[in-house]
Amino acid sequence: MPYTAPGDVVRVEDGKLAEIVSPGPHRATPVCRHFGTCGGCALQHLDEQTYRTFKRDLVIQALAQRGIENPTVNAPIVVAPKTRRRAALKAAKKNGEIKIGFNARASHAIVDMHECHVLTPELFALTAKLRPLMHSLLREGENADLHITEADNGFDLSLKMRRANAPAVVSQIAQRAQQMGIVRVTSGAEPLAEFETPHLRIANADIRLPPECFLQPTREAELALQALVLEAAGNARNIADLFCGIGTFALPLAARARVHAADSDGAMIDALTTAARAVQGVKPLTSERRDLFRRPLLPGELNKFDTIVLDPPRAGAAAQIEQIAKSKAARVIYVSCNPASFARDARTLIDGGYKLGPVTPVDQFLWSAQLELAAYFER
């Protein structure tokens, strides 16, 4: 049951936790005043060992449900608090006041955020600076979605609200955004104000970020996942990087092997291609825009590669995995943000003749039931 810990004695009413009658030995004091109300965190009440065991068990249980018993699942790599560099926040104006934060648990109500132990200090500080701007932009009763990324040179804000393109709104943003360290504001694909292009350093490349592009939520987890992928790739010489995004794995892999990168997002492929051209001393890196759900690489194409890396979205990569299972690729390296879809795809690969190696959970979704992981398969 949510918000309970092993050993708790609780009182339940109508299927919901009503009271902690007697706290168990694995209960901890939450670090945030908003815990229990804010929907951003669900597990701050667990002690450290129970929390880590819970995260590891997410992988073990998902694999067991697919008949994959006794897997080697390493202890999770847990990132530090206050390291999340991107967030999707809500803002609303009601009774003349602005609220900014995450939604409450199982609700559309906004928890007005006055502390956060997940976001980087810089990103959290930005939320306070945004309050007066949103007070000017929003009319009474209006709300907005704020997708914020902390880049190397400032913040990238994607703003979704009514009248986002109105001249008065654009004028306010142009006058005030740069003072808050925001280098770009977009609404959908349309720029409202751009003082610099947000960029990030990946391996030896500078990536110019497309609006709302995918990247790992924390820099620490990105580095951990890159290290796991590079270790699993070993002496691979020809690598396909599928669902490559902006090149989180393609760019470091290209320092040692030929890489072909594919993704359905044209803007991210363009950003990767442009960055790769400017890097000296890397192996050839080719790329293509391709919808791998509707048009996965087929065995004849996959057989050109000795190693396949993939990092699909939460739904996994069922169509592409079916084709990989029919290929002759010696090794498959899988990065996943969903143990359930990973386990489904792992079953397909195992049934196709692959053997699952060690799985390493990477916990960058702190105090939530979400989990990243990295694993590899060999023929």
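Me: Leaving out residues up to four places away in sequence, which residues does T127 touch?
Reply: This is a predicted model, so we're reading contacts off computed coordinates. T127 sits in helix α2, residues 121-137. Setting aside residues up to four places away in sequence, its contacts are L89, I100 and M113.

Me: Is T127 buried or exposed?
Reply: The cut-off for buried is under 20% relative accessible area. T127 comes in at 2% relative accessibility, so this residue of the model counts as buried.

Me: Which residues of helix α8 are buried, and what do they pack against?
Reply: Helix α8 covers residues 318-325, and its buried residues are Q320, I321, Q323, I324 and A325.

Me: What is the phi of D14, in the turn between β1 and β2?
Reply: The two strands make a hairpin, with two residues between them. D14 lies in that turn, and its phi is positive, at about 55 degrees.

Me: How far apart are the C-alpha atoms of N143 and M161?
Reply: N143 belongs to strand β6, residues 143-151. Neighbours within four places aside, N143 is in contact with A91, A92, L138, K160 and M161. Along the chain, N143 and M161 are 18 residues apart, yet their C-alpha atoms are separated by 6.5 Å.

Me: Which residues lie nearest the centre of the largest pocket?
Reply: The largest pocket has a volume of about 460 Å³. Its lining divides into 16 nonpolar, eight polar and four charged residues. There are 28 lining residues, and those nearest the centre are G39, G40, C41, F102 and V118.

Me: How much space lies in the largest cavity?
Reply: The structure holds one cavity of 30 Å³ or more. The largest cavity is lined by F214, F243, C244, G245, T248, F249 and D311. By class, that lining has four nonpolar, two polar and one charged residues. The space inside the largest cavity is about 40 Å³.

Methods: Residues numbered from 1 in each chain as written. Predicted model: local features only at pLDDT ≥ 70, side-chain atom pairs only at ≥ 80, totals over all residues. Heavy atoms only, no water. 1 Å grid on protein atoms, 1.4 Å probe; cavity = no way out; pocket = protein on both sides within 12 Å on 5 of 7 lines; lining within 4 Å. Points joined across faces, edges and corners; volume = space filled by probe spheres on them. Nonpolar A, V, L, I, M, F, W, Y, C, P; charged D, E, K, R; others polar. Buried < 20%, exposed > 50% of the residue type's maximum accessible area, 1.4 Å probe, protein only. Helix = DSSP H or I, 4+ residues; strand = E, 2+ residues; numbered from the N terminus. Contact = heavy atoms within 4.5 Å. Pairing = 2+ DSSP bridges.
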